[in-house]
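Dear colleague,

Please find below the structure that I am handing over to you. My findings follow directly after it, and I would be grateful if you read them with the coordinates open.

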Amino acid sequence: MRAVVVNWNGEALLRSCLDSLVVQDLPPGSLETVVVDNASHDGSVDLLRREYPSVRLVQNATNRGFAGGVNAGLHDLRAPYVVLLNNDARFEPDAVRRMIELLEEPGNDDVGAVTALLLLEGRTGEGAPLVNSTGNVVSRAGSATDRDWLTPLNRLSAPQDVFGFCGGAAVLRTAALDQVGQFDDSLFLYYEDTDLSWRLRAGGWRILFHRDAVAWHRHAQSSDSTSALFRYYNNRNALLVFARYAPFSVVVRAFARQVVAPLRHVLRRDERPELLRARIRALAQACRRMPVERRSARAARRRLAAQGGLDALFER
């Protein structure tokens with residue numbers, strides 16, 4: 001199998017991430033690690049060449065984001081599974097094995113992805129680690145979120161079935177990717193795992209959460225969630241992905257919410273000007289692309305509806 005790690009200026013993060021892949025309790029030589037570097041300008045590449053000569057390095061000439069980075073790491077993939085791990089995350093030594101075992105259980109041939117229990121590194125509540133994600137869920141308000149975000153681990157009660165996988169720590173079945181396609185490069189950052197989860201479900205694949213496959217995440221270390229870059233791609237991609245797959249009533253609600261948000265912030269004067277501009281730019285581009293996006297996924301929406309209805313996929 002192959003593990004793909006996307007890196008951009010993550011020199012300070014890579015050792016913990018890669019060391020956790022090296023010590024996975026898998027048969028020797030069974031896990032190939034590929035680091036896709038998105039044109040870093042720190043010492044990431046030198047670090048990889050100096051300290052991790054066995055890691056296969058793919059260097060992109062430009063920053064292709066998470067989606068394009070993963071796709072570059074999937075080139076010539078022949079292994080039955082691909083492991084995804086953020087460069088600011090690390091696996092427990094048995095995490096990958098546990099997810100593979102779940103994929104290979106009898107009756108799970110239709111499982112396209114297994115998502116790990118992702119915990120927040122260094123953050124606790126009620127004396128227990130806090131959950132980052134047990135997979136992704138979608139809401140009728142037009143957003144996708146990490147299921148169980150900030151839930152203390154000692155209060156976690158997460159069903160195995162989940163709408164989508166979290167791209168920060170998961171294993172995907174190659175056969176599922178061959179059927180539905182890889183990540184959408186045009187999304188660049190954010191919602192790319194939600195988009196692929198929609199396509200997996202439209203293709204008849206299930207997605208499962210494995211509570212005993214644990215990963216730890218240094219949240220927002222590889223990207224700044226308070227930046228205009230985050231606000232633009234997060235807002236734009238939410239609208240584009242929901243335009244593709246959600247019922248029209250949900251799409252209308254999502255666009256309305258993002259029209260109201262910048263107006264509210266203007267009236268309250270509680271957001272930096274660059275963030276407001278990012279919101280408006282994201283909304284404008286999503287409005288331009290919405291008709292095309294809606295048409296492009298018409299067949300997927302029909303397949304999802306035939307499987308038991310789109311409404312059943314939304315968080316109650």
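Predicted model: local features only at pLDDT ≥ 70, side-chain atom pairs only at ≥ 80, totals over all residues.

Nonpolar cores

In soluble globular proteins, nonpolar side chains tend to be buried together. The largest nonpolar core here comprises 70 residues. Within this core, the residues with the most contacts are Phe 165, Leu 172, Phe 183, Trp 198 and Leu 200. The element that gives the most to the core is helix H7, spanning residues 228-245, with 10 residues.

Leaving aside residues up to four places away in sequence, Leu 200 touches Ala 113, Phe 165, Ala 176, Val 180, Trp 205 and Ile 207.

Aromatic pairs

A pair of aromatic rings is described by the distance of the centres and the angle of the planes. The structure contains 9 aromatic pairs, and two of them are described here.

The pair of Phe 165 and Phe 183 is edge-to-face, because the ring centres are 6.2 Å apart and the planes stand at 75°. Phe 165 belongs to the loop between strand E9 (144-146) and strand E10 (169-173), while Phe 183 belongs to the loop between helix H5 (174-180) and helix H6 (192-202), so the pair ties together parts that are 18 residues apart in sequence. Both partners are buried: Phe 165 has a relative accessibility of 0%, and Phe 183 has a relative accessible area of 4%.

The pair of Trp 198 and Tyr 245 is stacked, with 5.5 Å from centre to centre and 15° between the planes. Trp 198 is in helix H6 and Tyr 245 is in helix H7, so this pair ties together parts that are 47 residues apart in sequence. Trp 198 is buried, at a relative accessible area of 0%, and Tyr 245 likewise counts as buried, at 3% relative accessibility. These two residues also belong to one aromatic cluster, formed by Phe 163, Trp 198, Phe 242, Tyr 245 and Phe 314.

One charged side chain also deserves mention alongside the rings. Arg 281 lies over the face of Tyr 232, at 4.0 Å from the ring centre.

Pockets and cavities

Rolling a probe the size of a water molecule over the atoms shows where empty space is left. The second largest pocket holds about 270 Å³ of space. Its lining has 16 residues, of which Leu 21, Val 22, Leu 31, Glu 32 and Thr 33 are the closest to the centre. Helix H1 (11-22) and strand E2 (32-38) each supply at least two residues of this lining, and H1 gives the most, with 3 residues.

How many cavities of 30 Å³ or more are there? The count comes to 1. The largest cavity has a volume of about 40 Å³. The residues lining this cavity are Leu 13, Ser 16, Cys 17, Asn 87, Asp 88, Ala 89, Arg 90, Glu 121, Trp 216 and Arg 218. The elements giving two or more residues to the cavity lining are H1 and strand E5 (89-91). Here too H1 gives the most, with 3 residues, as it does in the lining of the second largest pocket.

Individual loop residues

Two residues other than glycine have a positive phi. For Asn 9, phi is near 55°. Asn 9 is placed in the loop between strand E1 (2-7) and H1, and is partly exposed, with a relative accessible area of 22%. For Tyr 191, phi is near 70°. Tyr 191 is found in the loop between H5 and H6 and counts as buried, at 7% relative accessibility.

Ser 54 sits in the loop between helix H2 (44-51) and strand E3 (56-60). Is Ser 54 buried or exposed? Ser 54 is exposed, because its relative accessible area is 72% and the cut-off for exposed is over 50%. The C-alpha atoms of Ser 54 and Leu 18 are separated by 11 Å, the two residues being 36 residues apart along the chain.

With kind regards

How values were computed. Residues numbered from 1 in each chain as written. Heavy atoms only, no water. Core = buried A, V, L, I, M, F, W, Y, C linked by side-chain atoms within 4.5 Å. Buried < 20%, exposed > 50% of the residue type's maximum accessible area, 1.4 Å probe, protein only. Helix = DSSP H or I, 4+ residues; strand = E, 2+ residues; numbered from the N terminus. Contact = heavy atoms within 4.5 Å. Phe/Tyr/Trp six-rings, centres within 6.5 Å; stacked < 30°, edge-to-face > 60°. Lys NZ or Arg CZ within 6 Å of the ring centre and 35° of its normal. 1 Å grid on protein atoms, 1.4 Å probe; cavity = no way out; pocket = protein on both sides within 12 Å on 5 of 7 lines; lining within 4 Å. Points joined across faces, edges and corners; volume = space filled by probe spheres on them.
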